[in-house]
Amino acid sequence: MHTNRCTGGVEPMSLDVMKSESAQPAAETERQALPRVQLSVVVPAYREGKRIYQNITHLLDELNKLDTTYEVVIVSDGNTDETVREAKRVRSPQVRVFHYPMNIGKGFALSLGVDQSLGELVTFIDADMELDPANIGGFIEIMETSKCDAVIGSKRHPQSKVAYPRFRRLQSWTYQLLIRLLFNLNVRDTQTGLKLFRRQVLQEALPLLAIKKFAFDLELLVVARQLGYRNVCEAPISLDYRFESTVSPGSAWRVLWDTAAIFYRLRILRYYKRRQGERAAASRDAELPAEVPPEA
């Protein structure tokens, strides 16, 4: 083996999510009959129409080198360009494309992709492919040998090959220092867009999240730690930074705002612990037998 949701207050699951046809569509009953998928690769996409066909083709080339069954779940986050059409051009039975009409955020796109995926392991990778998908095989190997709950890419790993501007390096270093102080996360890079999770971690953590856009990665790791999933391994990545960006200049402030909101929910409101308790209680109630009315 080779080593985002409507900001106008609409609740996420009230969206009329429009599922596109994959290259070879399958009905729900047919999906249930598919062979077991070991790896799901979730690809959030926003304004990637110019290059998504080439990028997904490259991704498939790398996945075909792995000794594993896989699927690719592409989620178009309210695109109005050619992203969906170009993604559908990829002719592969392993590729499925989903689209909803409103730009909600990367976090929501990832959550929807996980919900639609089948794999025992789930990888996140950004559609711009600045992060080399050849790294995925190494992530799987680390998870298998180290029994990690998650493997996350790190620009600060000594074996990482990264090329990006000094100012971005300074921003990233400062932010990660803040993260360590606020949340005591024993990781050096929470924001790199290549991550691998065991399905169970995501199934338990994602329903508790509140962030849909900028600090989704951080909130996911914070909540996973709160749930007891603390064995997070860092892995080297290859990063080919491109100077095109779909992130606005104000996004850095939004990340800081969302980070403060995560801290407030975690330490002050105890929101995640309360939500966990509510979900556990609802699950217990659902398992109780229905009351039988007394006979007349």
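**Exercise 1.** Which residues of the largest nonpolar core touch the most other members?

*Solution.* The model is predicted, so local features need pLDDT of at least 70 and side-chain atom pairs count only at pLDDT 80 or more, while totals for chains, interfaces and linings use all residues. Residues are numbered from 1 along each chain as its sequence is written, and side-chain values use heavy atoms, with hydrogens and water left out. A nonpolar core is a set of buried Ala, Val, Leu, Ile, Met, Phe, Trp, Tyr and Cys residues joined through side-chain atoms within 4.5 Å, where buried means under 20% relative accessible area with a 1.4 Å probe, protein chains only. Among the 36 residues of the largest such core, Leu-39, Val-43, Ile-56, Leu-59, Leu-63, Val-72 and Ile-74 touch the most other members. Elements that give two or more residues to this core include β2 (39-45), α2 (52-63) and β3 (70-77), and α2 gives the most, with five residues; helices (H or I, at least four residues) and strands (E, at least two) are DSSP runs, numbered from the N terminus.

**Exercise 2.** Is helix α8 mostly covered or mostly uncovered?

*Solution.* Helix α8 spans residues 216-226, and nine of its 11 residues are buried, which leaves the helix mostly covered. The buried residues include Phe-216, Asp-217 and Glu-219. Just after α8, Gly-228 takes a positive phi of about 105°.

**Exercise 3.** Within what distance do the axes of α6 and α9 come?

*Solution.* The axes of helix α6 (residues 166-183) and helix α9 (residues 251-268) come within 11 Å and cross at roughly 10°; axes are lines fitted to C-alpha atoms, for helices over the stretch in contact (heavy atoms within 4.5 Å), and angles run from 0 to 180 degrees between N-to-C directions. The two helices are therefore roughly parallel to each other, a term for angles under 35 degrees.

Terms used. Buried means under 20% relative accessible area, exposed over 50%, partly exposed in between (1.4 Å probe, protein chains only). Angles under 35 degrees count as roughly parallel, over 145 as roughly antiparallel, 65 to 115 as roughly perpendicular and the rest as oblique.
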